[in-house]
Amino acid sequence: MAERSTAAVDVADNSGDEPLAAGAAKATADGVDTQNARAADGPMTEKDGERKAAPPAAAPELHSGHKLARRYRLEECVTRVDGFSSWRAMDEKLRRAVGVHLLPADHPRARSVLAAARSSALLGDPRFVQVLDAVEENDLVYVVHEWLPDATELTAHLAAGPLEAHEAYQLVSQVSQAMAAAHREGLAHLRLTPSAILRTSTGQYRIRGLAVNAALRGITSETPQQADTEAIGALLYAALTRRWPYETDAYGLTGLPKGVGLIAPDQVRAGVHRGLGELAMRALANDGATASRQEPACTTPEELAKAVAAMPRIKPPEPAFTAPPEYQHTTYQQGSYGRPTPPGGITSPQVVTVVPPPSPLQSRTGRALKWGVAALLIAALGLGSWQLADTLLDHSNGGNNGPNPSPSSNTGDTPKQRGPSKQLGITGASVFAPNGDPLEPKGAPHAVDGNPDTSWVTPRYDNFPNFGNLPNRRAGSGIIVDLGQVVEVTGVELNLYAAGQELQIRAASADVTSPSSLSQFAQPLAESKVVPKTHTTALDVPVRTRYVLIHITSLPSESAESYRGGITDIKVLGPGS
């Protein structure tokens, strides 16, 4: 969770000119838009509206680990600019990452930011990054919003090249419809830039910073619908051409040549979809552009959404398909088998004329018939071989009809009938933590103390049984048992905190000392599966090891949407005397 995400916010970057890829990679994080080589109040302010100047105000001096409302733990400051700071934080109540904007309560924009955040939260449209909380507390104003780790900024996509026609169509369609819905509720964005548009792994476009980004920057507009429509047109223009439709470079994109004005996308880059190019010009017509077919300009997101809907639907590109290699005919299929030898000639494989098989077998029905006959022959051979092997085994066992022992292990609720076993001594237990952050380490000794009233128990996780689907818990957890020395292990008996946990049992090689990663437990004792509260594994062949791992990968349900697991007691068995 330490890495930055494009999930919730943009970073304000005033660093100077950078290459396209560097600018795109840097434009990630805090809720305030970035322009390559310019502060976010650069060229777009003329289009978005008037920016209100604010006297300098110091951003709150907080540090990583500070908690807001005893719930939101600040983890990483992603930007500190213009009197406010933006953070990646952890919601400890819901166990999820969030983004936080912080301002002093006496900041001249604090009231407008609170009002914008609360208005945006009331919209509840999933096409926008959601505002989760907006609070004034202890001389601080903070806004909490979603953090989407699987989403990527449009800036990063454009750094790789222009979008193909279908993807650009999806962009303008989804963004214009979302902004039309927002304006119907009286909300404007005024900072619709490539870094404010996120594309999720499912192909959905989501807009961040609705009303809040403009409030943080003190930006207003007398014609908010026109400003947002022109901004959508600029996004579509950039998606088609990988150029910014103004003379200044911005957002990692090169601007248009100076002195020539706004030119049609198909004159900037060959192969641009004509309908989308004309649509971009109609949205940008408020800035003096003229659509090639003299259609009226789009002055509101609603008009732009209707224009997009009226276009012929653009199909996605066909998936690449590699033709399979040509089928090689055998000699029998070529028709040489059983044919008479021509008079005075000798049939040679090198000079046999390829004769196609009879036409009925070339049809789909004929091919299916051939494969069906082949499958029946294989099944018959397999059945006959199995019966023959079973008969031979019966003779070799002197007529004993009992089941043959498994070559590996017998895992179930009751141990396999075998020679006597004894409980091995355990010298220590520790929590398996491949990420270096063990869960409840103080409770590990409870898993081997033999007391049924004490257990090692995981924290409660919400929504996902795989430890809350947290990135630092995807490898699961469990208990590592130290037997003190290398011994022979014949089985493991478990008494679990709750039934329904998915786990596996593994052992480290005899030469391994202090194992901490899953790869060091190379000997599987029991495969991964969901087990009851009491579970026993008996091995057919003893395993020599010092360390045994009980590895839990999925937790059982404790309530409707929460999950928790753990281990009450572990017994490791060895050969009896």
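Tutor: A residue is called buried under 20% relative accessible area, exposed over 50%, and partly exposed in between, with a 1.4 Å probe and protein chains only. The model is predicted, so local features need pLDDT of at least 70 and side-chain atom pairs count only at pLDDT 80 or more, while totals for chains, interfaces and linings use all residues. Residues are numbered from 1 along each chain as its sequence is written, and side-chain values use heavy atoms, with hydrogens and water left out.

Student: Why is Ser517 called partly exposed?
Tutor: Its relative accessibility is 25%, and partly exposed covers what lies between the buried and exposed limits. Ser517 therefore counts as partly exposed.

Student: How do you know that a polar contact joins the side chains of Ser517 and Ser519?
Tutor: A polar contact is a pair of N or O atoms within 3.5 Å; within protein, one must be able to donate a hydrogen and the other to accept it, and residues adjacent in sequence count only if both atoms are side-chain atoms. The contact between these two side chains is 3.2 Å. Ser517 itself lies in the loop between β20 (501-507) and β21 (523-531), and its C-alpha atom is separated by 8.7 Å from that of Asn435, 82 residues apart along the chain.

Student: Which label does Cys298 receive, buried or exposed?
Tutor: Cys298 has a relative accessible area of 1%, and so it is buried. Cys77, at 25%, counts as partly exposed.

Student: How many disulfides does a search of the whole structure find?
Tutor: The search finds 0, where a disulfide is a pair of cysteine sulfur atoms within 2.5 Å.

Student: What makes strand β24 (residues 566-575) largely enclosed by the rest of the structure?
Tutor: Of its 10 residues, 8 are buried, so the strand is largely enclosed. Strands here are DSSP runs (E, at least two residues; helices are H or I, at least four), numbered from the N terminus.

Student: How do you know that β17 (residues 456-457) pairs with β24?
Tutor: Two strands pair if DSSP finds at least two bridges between them. β17 and β24 run antiparallel and are joined by 2 bridges, with Trp456 opposite Ile567. Strand β15 (residues 421-423) is joined to β24 by 3 bridges, also antiparallel, and Ser421 stands opposite Pro575. Strand β19 (residues 477-496) pairs with β24 in the antiparallel sense over 6 bridges, where Val492 faces Val572.
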